[in-house]
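Subject: Structure handover

Hello,

Here is the structure I promised to pass on.

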Amino acid sequence: MSVRVVRTRAGEDVICDIREITAQDDEEGKILGYQLIKPYHVYITDGMTAEDDEGNIHKITNPEITMEPWAPLAKDQERIIVRYDEIISAFETHDEVVTKYTELVGATYGNEPQDSSSDK
C-alpha cells in the first residue's frame, strides 16, 4: 500500500493509494501518469484560524480532517488515471490521517487499499 496525499495542479489535496504508470518500451521507465486508487479529497476544517481579528497568531489546535470522494461519479474507484503533470507533489502524511483513510475505505468498500508489495 502506498497511501500518499497528492497535491493536484488545481490545488486539491487528494489522499489515495497511488501507482505510477510508465512506458513499457522505455528503458528509463518514463512516467506517463498516475493511477489513483480510492481517492478522497482531504482538507482541514475547524481549528484552521491561525490569526484572530486583532492580528494575534495562535497555534492551530484540534483540526478536523474531512474526506470526501474525489471523483464521486467514477464507476470504478480503482482505475482513475491522471496525467503525470497534473500532480504537483506527493507526500506521506501523519499516521492518524492514514488510519482514518483506511477505516473510511474499509467501511465504504469492505476492504483496505491494496498492498503494493504484491504488485511486483
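A residue is called buried when its relative accessible area is under 20%, exposed when that area is over 50%, and partly exposed in between (1.4 Å probe, protein chains only). By that rule, 30% of the 120 residues in the chain are buried. Before you read on, note that this is a predicted model, in which local features need pLDDT of at least 70 and side-chain atom pairs count only at pLDDT 80 or more, while totals for chains, interfaces and linings use all residues. Numbering starts from 1 along each chain as its sequence is written, and side-chain values use heavy atoms, with hydrogens and water left out.

First, the overall layout. The chain holds 1 helix and 6 strands, where helices (H or I, at least four residues) and strands (E, at least two) are DSSP runs numbered from the N terminus. Read from that end, the order is β-β-β-β-β-β-α. The accessible surface is about 8300 Å² (Shrake-Rupley method, 1.4 Å probe; for residues, only the protein chains shown count as cover). Carbon and sulfur atoms own 47% of that surface. If we take contacts (heavy atoms within 4.5 Å) with a separation of 6 or more, 58% of them are between residues 24 or more positions apart.

Next, the strands around β1. Two strands count as paired if DSSP finds at least two bridges between them. β1 runs antiparallel to β2, with 5 bridges, and also antiparallel to β6, with 4 bridges. On the β2 side, R4 has C16 as its bridge partner; on the β6 side, V5 stands opposite F91. β1 and β2 make a hairpin with 4 residues between them, and G11 in the turn has a positive phi of about 90°.

Now to the charged side chains. How many salt bridges does a search of the whole structure find? There are 9, each being a side-chain nitrogen of Lys or Arg within 4 Å of a carboxyl oxygen of Asp or Glu.

One of them joins E92 and R4 at 3.7 Å, N to O. E92 sits in the loop between β6 (87-91) and α1 (95-109) and R4 in strand β1 (residues 3-8), so this pair ties together parts that are 88 residues apart in sequence. E92 is exposed, at 59% relative accessibility, whereas R4 is partly exposed at 25%.

Another salt bridge is R9 with E86, whose closest N and O atoms are 3.3 Å apart. This pair also links distant parts of the chain: R9 belongs to the loop between β1 and β2 (13-22) and E86 to the loop between β5 (80-83) and β6, 77 residues apart. Both are partly exposed, R9 at 46% and E86 at 27%. R9 and E86 are also members of a salt-bridge network that includes R83 and D85.

R79 and D76 form a further salt bridge, with the closest N and O atoms 3.7 Å apart. Here R79 is exposed, at 55% relative accessibility, and D76 is partly exposed, at 34%.

Finally, have a look at R19 in strand β2. Is this arginine, R19, buried or exposed? R19 is buried, with a relative accessible area of 14%. Its side chain makes a polar contact with the side chain of D17 at 3.0 Å. A polar contact here is a pair of N or O atoms within 3.5 Å; within protein, one must be able to donate a hydrogen and the other to accept it, and residues adjacent in sequence count only if both atoms are side-chain atoms.

Best wishes
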